[in-house]
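Please keep the sequence and the coordinates at hand while reading.

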Amino acid sequence: NLGAINLVKLVTERDGLPAVDWERLGHVVHITTRFLDNVIDANRYSVPEIERVTRQSRKIGLGIMGFADMLVTLGIPYNSQDGFDLGRKVMRFIREEADKASEGLARERGVFPAYEGSTYQKQGRLMRNACRLTIAPTGTTSMIAGCSSGIEPLFSLCYHKHNILEGESLLYIDANFERVAREDDFYSDELMEYLADGGSIQDREDVPQWVREVFVTAADISPQDHVRMQAVFQESVDAAISKTLNFPNSATREEVRTAYLQAWRLGCKG
């Protein structure tokens, strides 16, 4: 069973500047860990074998979404050292708090049934859930929440959504980008149409440099930096991570091979 914390909701204001609300994030991790553990018992399983295996390990999949939105709100480029450092710090914090929550549940409710002979028993650690964390795609979930998906960067700042209201096409603009464009006085219908038609703000001199750096999209990020971001999150995640690497149409087989090898060398799963 999966659940995702919307990280952009954990950004607060401190001394007039945006900052991560670590205390509230820790509180949310404890609540969601308990919730997902409850789901294992509340769930009605379609196949008895799945129920048996699920209850034996009590694995849960707590993850995140809205990470790219968090970076934008904090003014941090996705493909920067600060971006990688924040990703590492956030996931390490979530890992530590999820472990504490699961250990507390083990003392309260007992360890997972397959605990005997497990790594946790050998380490002398009580644990309610054999795995706590994963990072799923959160495609539909993040659309409902109105945030970026998983740990992916912003895919597009502006796009057309077709076949709405009897075939009408609607223009969707990233809310943060539209706000900044209007505040910094570079918003124009021409720019939005340009972006919706596949253009990039990296090619627009009328867009401030800091905006081009912070509002970087998936296609603007090198495959190597996509992998680097996956790797810093993987350091603290039990299971696999959903992550897309974006290549240009001109990409060669060797470039794809290099990206896979990089992911393997950095310990990525999935």
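How much space lies in the largest pocket? In this predicted model, about 1200 Å³ of space lies in the largest pocket, whereas the second largest pocket has a volume of about 180 Å³. The structure also holds one cavity of 30 Å³ or more, and about 50 Å³ of space lies in the largest cavity.

**Largest pocket**

- The lining of the largest pocket is made up of 37 residues, and those that lie nearest its centre are Leu 154, Phe 155, Ser 156, Tyr 159 and Asp 174.
- Two or more residues of this lining come from each of the elements H3, helix H6 (139-145), strand E5 (158-164), strand E6 (168-173), helix H7 (175-183) and helix H8 (189-196).
- Sorted by class, the lining of the largest pocket holds 17 nonpolar, 14 polar and six charged residues.

**Second largest pocket**

- The second largest pocket is lined by Val 227, Gln 230, Lys 243, Leu 245, Phe 247, Ala 259, Tyr 260, Ala 263, Trp 264, Cys 268 and Gly 270.
- Helix H10 (223-234) and helix H11 (253-265) each supply at least two residues of that lining, and H11 gives the most, with four residues.
- The lining of the second largest pocket divides into eight nonpolar residues, two polar residues and one charged residue.

**Largest cavity**

- Around the largest cavity lie the lining residues Ala 68, Leu 71, Val 72, Ile 76, Tyr 78, Pro 153, Leu 154, Val 214 and Val 216.
- Helix H3 (residues 67-74) gives the most to this lining, with three residues, and by class the lining has nine nonpolar, no polar and no charged residues.

**Helix H1**

- Helix H1 (residues 22-42) has 21 residues, which at 1.5 Å a residue should span 30 Å, and the distance of 30 Å between its end C-alpha atoms agrees with that expectation.
- Buried in H1 are Leu 25, Gly 26, Val 29, Thr 32, Thr 33, Leu 36, Asp 37 and Ile 40; these residues cover an arc of only 135° around the axis, which puts them on the same side of H1.
- An α-helix has 3.6 residues a turn, so residues three or four places apart point the same way.
- On the other side of H1, Glu 23, His 27, Phe 35 and Ala 42 are exposed, while the buried residues of H1 pack against strand E1 (2-6), helix H2 (48-57), strand E4 (61-65) and helix H4 (81-109).

Notes:
Residues are numbered from 1 along each chain as its sequence is written. This is a predicted model: local features need pLDDT of at least 70, side-chain atom pairs count only at pLDDT 80 or more; totals for chains, interfaces and linings use all residues. Side-chain values use heavy atoms; hydrogens and water are left out. The expected span of a helix is 1.5 Å times one less than its number of residues. Buried means under 20% relative accessible area, exposed over 50%, partly exposed in between (1.4 Å probe, protein chains only). The arc is that of the directions from the helix axis to the C-beta atoms. Contact means heavy atoms within 4.5 Å. On a 1 Å grid over the protein atoms alone, a cavity is a set of points where a 1.4 Å probe fits but cannot get out, and a pocket is an open set with protein on both sides within 12 Å along at least five of seven lines; lining residues have an atom within 4 Å of a point. Grid points are joined across faces, edges and corners, and a volume is the space filled by probe spheres set on the points. Ala, Val, Leu, Ile, Met, Phe, Trp, Tyr, Cys and Pro count as nonpolar, Asp, Glu, Lys and Arg as charged, and the others, Gly among them, as polar.
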